[in-house]
Every structure is written in C-alpha cells, then in structure tokens.
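Welcome, and thank you for taking a look. Please keep the sequence beside the 3D view as you read, and pick out each residue when its name comes up.

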Amino acid sequence: MRRRLFERKAMYSPSQQLIHLGLGFMVSQALRVATDLNVADRLVAGERSVDDLAEETHCHCDALYRIMRLLAAEGVFSETSARRFQLTELGAALLSDAPSSPRDLIRMMNREPYLAFAQLTHSVQTGLPTFETVFGKPRFDWLADHPDAASLFQQAMIALSQGANEAVAEACDFGAFSQIVDVGGGHGQLLSEILKRHPHLSGILFDLPAGVEAARADAASFPPQTSFVAGNFFDAVPAGADVYIMKKVIHDWNDEQAVRILRNCREVMKPHGRVLIAETIIPPGNERNTIKLIDANMLVVTGGVERTESEFAALLAAAGLRLERVISTARAISVLEASRA
Ligand SMILES: C[S@@+](CC[C@H](N)C(=O)[O-])C[C@H]1O[C@@H](n2cnc3c(N)ncnc32)[C@H](O)[C@@H]1O
C-alpha cells in the first residue's frame, strides 16, 4: 500500500510537473549552498550523519538536513538511513577534483546572475539586460571592480569549457599560420592548448587588464611562445596576426557590439588571415539543450545572444567577413571560419 502511494506520487501530473519546474530556483539555490559548503568533498570518504556535517560547516543541523533531503530527492545525495547521507554518482561530479567539475559554474550562476534573473520581465519587455539595472554597471565592468567574483567567473568558464579547449585546438588546422591572437582569451587555456600542439605558432592572449594580469601571474604554465596584451576589443585588437580566435566571446554581445569586435579583427589581420569564432550553435528543434539556458543568461546578464548558423553568417557579413565553413569538434562547440569578404 505504501509502495503504491509512492508510485502514484512519482508519476507527476502536468500540473505537478509545472510546479516542480516553477520551483526550480529552490533546487538551484540548494545546490549552490551545498557546493559553497563543499558537501560533496566532505562525503568522499563515505556516508556521514547530517549532525556531523552541520558541526563541521557551522550550519544549523535541521536546516542543513532539509536541504540535503531536497537534494537527495533530486539524486545528488542519498539518505541511506535516518539523517545519514552518501554521495551518488551524480553528486560525485561536484567533487572539486572531478574532471570539468561544474561546481564553480553553479556557484557563479547562482550569485549575481540569479539576482538579475529576478528582473527577467524587464528583459523580456525591453530586450535589454537587467544586470546593469540591478548592479549599477554592465557585467564585465562590475566584475572588474569585484576581483573575487571575477576569479570565480574565470573558474566557472573553465568548468563550462568541459574539454572544449582541447576539442577546438584539435579540430582546427593552424599549419599555414604563424601568429594567433586569442581575443577575450580569459584564463588562456584555449591558447595554451593550441600553442602546445603547434610550436611554430606564436600567440597573444588578449583580454581586459584584470583578466590578463590573472593569466600573466601564471605565465610559467603557458607555452614559451605566449605573450600577454591587455586592452579593450571595442577599441582595437593587436595588429598583424593571421588568426584571430574568440571562444565564447561573441555570444556575450548584441549584434552591433559583436560586429564592432569582428570589424576590429578584420581591419588588422593579414590579408590571407582568418577569424575563428568558437561557439555553441543553437540547433533547430525543441530538444533540451543547455545552450538555450545560456542564451537566457546572455539576455539578462550581458545583453548577448546565442546564435543559429545563419545568424552567425549574417553577423560576419555585416563585419565585412565571409563564412567559409563550420568546423565540428568532439564537443558541443563549433568553429566558424571566416575570411575577408
Ligand atoms: C565568456 S568569457 C570567455 C573567455 C574565454 N575565451 C573562454 O573561452 O573561456 C569572455 C571574455 O571576454 C573578456 N572581455 C570582456 N569584455 C572585454 C573587452 N572589452 N575587451 C577585451 N576582453 C573583454 C572577459 O574578460 C572574458 O575573459
């Protein structure tokens, strides 16, 4: 009888499914708290009582229990006996040393972007980001004033990359080129992966001053042919290279801003040069795809947009560039290769 009751509950009606969807922010915030508290790492040696976890993390025991129970219902932990929890396969992906752990992405998104999303209606009515309304400055200007948040942002970008840097470096043929600029290169992992595979190439990591300083502090970990240049890609990018690559940069900006960045690359690249845009292309159809969530994040947080292939082609044409081909990679990221039109 108890079992039948449980099975009935597990089969959600449309209205119950909608309630679960509508309360999704509670799950994401619970997950954020669990990652902030490093609960996964604390369970790696085996199951533990919530009293024990609460004492170690200076939390209220019953309150932590209720959040752990919520996350157990989502499959992140498992309550093995009264108030004792263990890690599940899903939760193990939150471990700080798990390959491409999503923990910093979950922590970052559930801070400022989460607060900006409370004003989503404003974005939907105006087409404009709400971040500036809520925080007083555009996203990247705000990050420049908040080094801890900026560092978490860069860690989150590493988490979001999930092997994409290696996949892009593998998929593109740089044999005919001699110098590459990674525009908005951030932590520099993509440039490193490319230069490691192509010792004949020299590379410039180009980003805002704070981003470049953070990367330069770790200069020893970069291939020797790397140099670091700080600047603003809306003003200019380093001149005279034959490849300008930008990964997950164009999606941060609206069409007018994106065209400005692309034009700045076009104007200073060598005549035979290439612009490479590495982005996840919005696929047609109704399938669940994380890129559709990231697109909503762009709308609210930066005013950017995730694009379809034809939208990218139009953007490139507006910048005086021609889409030559779209290179698939082993990950959910493609490289759009463009030349001077
Ligand atoms: C979404 S991140 C992508 C970083 C990196 N390419 C990656 O794939 O992880 C966007 C990058 O653009 C940089 N950026 C933003 N505004 C910029 C500007 N005006 N000039 C140069 N870089 C900028 C940010 O600092 C950040 O590193």
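The structure holds 21 salt bridges, a salt bridge being a side-chain nitrogen of Lys or Arg within 4 Å of a carboxyl oxygen of Asp or Glu. Side chains of opposite charge can pair when their charged atoms come close. Before you look at some of them, note that this is a predicted model, in which local features need pLDDT of at least 70 and side-chain atom pairs count only at pLDDT 80 or more, while totals for chains, interfaces and linings use all residues. Residues are numbered from 1 along each chain as its sequence is written, and side-chain values use heavy atoms, with hydrogens and water left out.

Start with R48, which lies in strand β1 (residues 48–49). Helices (H or I, at least four residues) and strands (E, at least two) are DSSP runs, numbered from the N terminus. The side chain of R48 joins that of D52 in a salt bridge, with 3.2 Å from N to O. R48 is buried, at 15% relative accessible area, whereas D52 is partly exposed, at 35%. Here buried means under 20% relative accessible area, exposed means over 50%, and partly exposed is in between (1.4 Å probe, protein chains only). The side chain of R48 also reaches the backbone oxygen of R42 at 3.1 Å; this is a polar contact, a pair of N or O atoms within 3.5 Å where, within protein, one must be able to donate a hydrogen and the other to accept it, and residues adjacent in sequence count only if both atoms are side-chain atoms. Leaving out residues up to four places away in sequence, R48 touches R42, L43, L53, E56, R83, R84 and F85, where contact means heavy atoms within 4.5 Å.

Because D62 lies in helix α6 and R83 in the loop between β2 and β3, the pair ties together parts that are 21 residues apart in sequence. D62 is partly exposed, with a relative accessible area of 39%, and R83 is partly exposed at 26%. The backbone of R83 deserves a look too: its phi is positive, about 60°, although R83 is not a glycine.

H58 also has a positive phi without being a glycine, and its value is near 55°. You will find H58 in the loop between α5 (50–57) and α6 (61–73), where H58 is exposed, with a relative accessible area of 75%. Now step back into helix α5 to find A54, which is buried at 3% relative accessibility. Neighbours within four places in sequence aside, A54 is in contact with C59, H60, C61 and L64. For a sense of distance, the C-alpha atoms of A54 and V168 are separated by 43 Å, and the two residues are 114 apart along the chain.

C61 is partly exposed, at 23% relative accessible area, while C265 is buried at 0%.

Next, turn to helix α8 (residues 103–109), where D104 and R107 lie three residues apart, about one turn of the helix. An α-helix has 3.6 residues a turn, so residues three or four places apart point the same way. D104 and R107 form a salt bridge, their closest N and O atoms being 3.2 Å apart. D104 counts as buried, at 13% relative accessibility. A network of salt bridges links R32, D36, R103, D104, R107 and R111.

Finally, visit helix α15 (residues 189–197), whose buried residues are L190, L191, S192, E193, I194 and L195. These buried residues pack against α14 (164–171), β4 (179–183), β5 (202–207), β6 (226–230) and β7 (243–247).
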